[in-house]
There are 2 protein chains.
Amino acid sequence: MNAEIISVGTELLLGHTINTDASFVARELSAAGINLLYNCTVGDNPERLKDAVETAMHRSDILITTGGLGPTGDDLTKETVASCAGKKLVMDKTSMEHIEKYFAGRSLGETQKKQAMLPEGCTVFPNDIGTAPGCGFRAESGCLVAMLPGPPSELFPMLKKYAIPFLLKSTSQASIVSRMVHVFGLGEGYVAEQISDLCAKENPTCATYAKDGEMFVRVTARAESHEKAAAMCGPVVEGLKKRLGEFCYGVDVDSLEETVVHLLAKKCLTVATAESCTGGLLAKRITDIPGSSSVFHMGAVTYSNDVKMQLLGVPEDVLARYGAVSPQVAKFMAQGIRRRSGADFGIGITGLAGPDGGTPEKPVGLVYIALSDCNDIWVREMHRSGCSKGRSYIRFLAASNALDMIRRRVLNLGGMENAAYSREKS
Amino acid sequence: MNAEIISVGTELLLGHTINTDASFVARELSAAGINLLYNCTVGDNPERLKDAVETAMHRSDILITTGGLGPTGDDLTKETVASCAGKKLVMDKTSMEHIEKYFAGRSLGETQKKQAMLPEGCTVFPNDIGTAPGCGFRAESGCLVAMLPGPPSELFPMLKKYAIPFLLKSTSQASIVSRMVHVFGLGEGYVAEQISDLCAKENPTCATYAKDGEMFVRVTARAESHEKAAAMCGPVVEGLKKRLGEFCYGVDVDSLEETVVHLLAKKCLTVATAESCTGGLLAKRITDIPGSSSVFHMGAVTYSNDVKMQLLGVPEDVLARYGAVSPQVAKFMAQGIRRRSGADFGIGITGLAGPDGGTPEKPVGLVYIALSDCNDIWVREMHRSGCSKGRSYIRFLAASNALDMIRRRVLNLGGMENAAYSREKS
C-alpha cells in the first residue's frame with residue numbers, strides 16, 4: 001500500500017506556515033504500516049491541484065489531502081478532488097447540523113454551509129474541534145482518498161480517530177499497534193547497536209530515532225486483530241525496557257518533563273530550581289505540564305553572582321575561588337534553593353551556554369547540574385563543547401539532564417553523575 | 001519565474017523530521033520575487049527522485065533541491081539531478097581542499113571525498129558550516145537548478161549568501177530588497193485595513209502576516225540595483241512606522257525579546273521577573289538572548305501562595321481577599337521582585353493558563369501583568385478565554401505582553417494598560 005500526501009495551501013508555498021501536518025500524517029501512516037512515497041505541496045490553485053491529484057491517483061494506492069476544506073473562496077480541495085474522482089458533492093445532514101450548532105446564535109452564511117457538501121457515498125470524519133468535516137472514499141480509479149482539514153488542532157485528532165481506522169479497514173490491512181519507548185542518556189548509535197537483532201526482525205518491527213537530545217524506539221506489530229497486535233508488542237517492549245534499563249524513562253509518554261512531574265506527584269515530592277545558564281527553561285518545562293503546581297512551588301533564575309549569594313547563600317569565597325561555573329557553585333545553588341523553598345529536592349544549574357564567555361579551561365557547552373536532597377548532593381558535568389547546535393540546544397540539554405537526575409533520584413536508580421551520552425562516549 | 005522545491009529524504013516521509021528547509025526556502029524565494037508553485041518530497045530512492053526531477057525540469061523555470069548531498073550511500077541527489085540535467089560530475093578542487101581541511105588529523109574516506117564531485121561548469125556554493133558544498137547551474141533543458149544540503153544550519157546561510165544571489169543573477173532578475181516591520185499589540189485584520197492602500201501597490205509590495213501573537217509587514221522592492229531597491233523601501237518603511245506608531249517595535253529585528261534586551265542594555269537599565277502562570281517562560285525568553293546578563297540578574301518563579309508571600313512580600317490578606325489571580329497580587333509581585341533584586345523594573349505575572357482551574361469570573365486565559373518602577377506601577381489585563389490554542393499560547397502571549405510593557409516603559413510610550421489586540425477588539 002503506497003500513499004501520497006497532497007498539502008494544499010498558498011501559505012505553505014509562501015513559507016509563512018511550516019508544514020507540520022505532513023510530518024504528523026507521515027508518522028501516523030508509518031506507524032500504521034502504510035508506505036508514504038510522495039508529499040506534494042500546491043497552492044490554492046484549481047488547475048495545479050487537479051494535475052497533482054490526477055498524478056497521485058495514477059501512481060498511488062492512497063491519497064491524503066490536507067487543507068482547503070474551509071468556507072472561504074480559495075478552499076477548493078473538495079470540489080477539485082471530487083471531480084477528479086468522478087464523484088458529485090452532496091449535502092451531509094449530520095455535518096450541516098454540527099455546523100448549525102457551532103454557529104448557534106450567530107449568522108450562518110452560505111459559505112459556511114458549503115463545508116457540509118461532501119462526495120456522495122463517502123465516510124464522514126466528524127470535526128470535533130472546528131466546523132469543516134473530513135471524509136474518506138474510493139475514487140472511480142480505485143485510489144482510496146482521505147481529505148483532512150488544514151489546522152493541526154483539527155487534523156491531528158481526526159486523523160487518529162477516524163482517518164487511519166478508515167484506511168486500515170478499507171484496505172483490509174491487518175491491525176497495527178505501535179508503542180514508543182523513550183530513552184534519555186544514550187546515543188542513537190549505541191542503542192541501535194544494542195538492539196540490532198530486534199531492528200532486523202519483520203514483525204514486530206523496531207526503529208530508532210533521535211530528537212532534541214533524546215532517543216526513541218518505535219515498536220510496531222501487525223496482526224489480524226488489534227488485541228493480537230498489542231499482545232505481540234508487549235514482550236518486545238518489555239525486552240527493550242530490560243536492555244535499556246534505567247535509561248528508559250517511559251513507554252508511550254509525552255515527554256521527560258511530564259514523566260518527572262507525574263512521578264513527583266505520585267510520590268508526593270516537590271522540587272525547586274535555581275538556574276543560571278538555563279535562565280528559567282527548566283522551570284518553564286516543568287510548568288508546561290498541567291498540574292505541576294502540586295510538585296513545584298518555587299524557582300529562581302539567579303543570573304548574577306550577587307543574586308546567587310543573596311538569594312541562595314552561595315559563599316562569596318566559593319564564587320571567587322572556583323568561579324560561577326563550577327561544581328561547587330552548582331552544589332550551593334541546589335542546597336540554597338532547597339532550604340529556601342522547603343522542597344524535597346533542590347536543583348542548581350550553572351554553565352556556559354554561549355555563544356561568548358568560553359575559555360580553554362571552561363569552554364562554551366560546559367554545564368554543572370546539582371541535585372540536593374536532605375542527606376546528599378550530586379553533581380553532573382555536561383560537556384557539549386564544539387556542538388554546532390548552539391546556545392538553545394545546550395540550554396535544552398542541560399534542563400533535560402536536570403529532569404533525568406530528578407527521575408533517577410526519585411526512583412533511586414543511581415547514575416546521578418553520568419551526563420547524557422557518557423555511555424556512548426566512553 | 002516559477003520555482004519548485006524537491007525535498008529529498010526518507011526521514012521526511014517517515015515524519016521524523018519536520019520540513020523546515022522548505023518553508024525557509026519558500027520565504028526567501030517569496031522575498032526575492034520568485035513564485036514557488038510546487039514543493040515535492042521524495043525519499044532516498046533514485047527512480048522516484050528521477051521522476052520528480054524530470055517533472056520539475058519540464059514544468060518549472062527554477063528547481064531547488066534540498067538534502068541528499070552528504071557522504072552516505074543514500075545521498076543520491078547530485079548523481080540523479082546531474083544525469084537528468086545532462087551534466088557530468090567532476091571533482092571540484094576547492095571543495096576537496098575544504099573537506100580535507102575539515103577532516104585534518106582524521107582519516108578521510110572515499111565517501112567523504114564524493115562530496116567534492118559537482119556538475120561540470122557549475123557555480124559552487126561553499127558550505128561554511130559543514131562539508132557538503134551546494135551548487136547552481138543551468139540544465140540542458142534550460143531549467144535553472146540549485147542544490148542545497150539538508151541540515152538547516154548549513155542550508156539557511158548557504159541559501160541567503162550564495163543561492164539567492166545566483167538565482168537572481170542567472171535570471172537577470174532585478175535586485176530585490178526586503179524589509180520586515182515587526183508589530184505587537186494589533187491584529188492582522190486591523191493592520192491590513194490600515195495599510196490596504198500600500199498592500200495594493202506593486203513596487204514596493206507590502207504583505208502582512210501573523211505568527212505567535214505578533215504581526216509582520218514585509219516590504220519588498222525591485223529595481224535594477226540593490227541600492228535603488230533599498231532606497232525605494234526606505235520611505236515605505238518610514239510610512240509604516242508612522243502609521244503603526246508605538247505598536248511597531250522594530251524593523252529587521254530578530255524578536256521582541258531581543259529588541260527589549262538591547263533597549264535595556266543601551267539605556268543601562270535592568271529588569272527582574274516574578275512569574276506565576278508563565279512559570280519561567282519570560283525569564284527564559286529574556287535569557288535566550290546572548291548578553292542578557294547585563295540587564296537581567298534575577299527572576300523568580302513563584303508558583304505557590306507561600307512563596308509569593310515569603311519571597312516577594314505579597315500580603316496574606318491581599319491573596320485571601322482578591323485571590324492569587326488578581327491585579328492586586330500582580331502589583332505586589334512586581335514591587336516585591338523589584339525591591340528584592342534592586343532592578344530598575346520589576347515584572348509580576350499571575351493568571352490562569354489552564355487547562356483547568358478556570359471559573360466563570362476568572363476563566364482560563366485571564367492573566368494580569370504588572371510592571372513596577374521606582375515611582376509607578378501599571379497592570380495590564382489580558383483575556384484569551386475561549387482561545388483554542390491553549391496553555392502554551394496563553395503563556396507565550398502573557399510573556400510577550402510583559403516584554404511589550406518593558407519596551408513601552410523604557411521608551412515612555414504610554415499604553416501600558418492596553419493588552420494585545422485591545423485595539424482590534426474595541
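Trainee: Where does A:Pro204 lie?

Mentor: A:Pro204 sits in the loop between helix H9 (196–199) and strand S10 (205–211) of chain A. Helices (H or I, at least four residues) and strands (E, at least two) are DSSP runs, numbered from the N terminus. The peptide bond from A:Asn203 to A:Pro204 is cis, with omega near 0 degrees.

Trainee: What should I know about the model itself?

Mentor: This is a predicted model: local features need pLDDT of at least 70, side-chain atom pairs count only at pLDDT 80 or more, and totals for chains, interfaces and linings use all residues. Residues are numbered from 1 along each chain as its sequence is written, chains are lettered from A and ligands numbered from 1 in the order in which they are written, and side-chain values use heavy atoms, leaving out hydrogens and water.

Trainee: Which residues does the cis peptide bond in chain B join?

Mentor: B:Gly354 and B:Pro355, with omega about 5 degrees. B:Pro355 is in the loop between strand S15 (345–351) and strand S16 (366–372) of chain B.

Trainee: How many residues of chain B are in contact with chain A?

Mentor: Contact means heavy atoms within 4.5 Å. Here 49 residues of chain B touch 49 residues of chain A. Buried area is the accessible area (1.4 Å probe) that two parts lose on being put together, summed over both. The two chains bury about 4300 Å² between them, 60% of it on carbon and sulfur atoms. B:Leu13, B:His16 and B:Tyr303 supply 13% of the area that chain B buries against chain A, more than any other three residues.

Trainee: In which sense do S14 of chain A and S14(B) pair?

Mentor: Two strands pair if DSSP finds at least two bridges between them. S14 (residues 296–302) of chain A and S14(B) run antiparallel over 5 bridges. For example, A:Val301 has B:Gly299 as its bridge partner.

Trainee: How do I read salt bridges?

Mentor: Side chains of opposite charge can pair when their charged atoms come close. The rule asks for a side-chain nitrogen of Lys or Arg within 4 Å of a carboxyl oxygen of Asp or Glu. Between chain B and chain A the count is 2. B:Arg395 and A:Asp288 form a salt bridge at 2.8 Å, N to O. Over all chains, the search finds 34 salt bridges. B:Arg395 lies in helix H16 of chain B and A:Asp288 in the loop between helix H12 (281–287) and S14 of chain A, so this pair joins two chains.

Trainee: How many aromatic pairs are there over all chains?

Mentor: A pair of aromatic rings is described by the distance of the centres and the angle of the planes. Rings of Phe, Tyr and Trp (its six-membered ring) pair if their centres lie within 6.5 Å; planes under 30 degrees apart count as stacked, over 60 as edge-to-face and the rest as tilted. The whole structure has 8 such pairs. B:Phe24 and B:Phe156 have ring centres 3.7 Å apart and planes at 10 degrees, so they are stacked.
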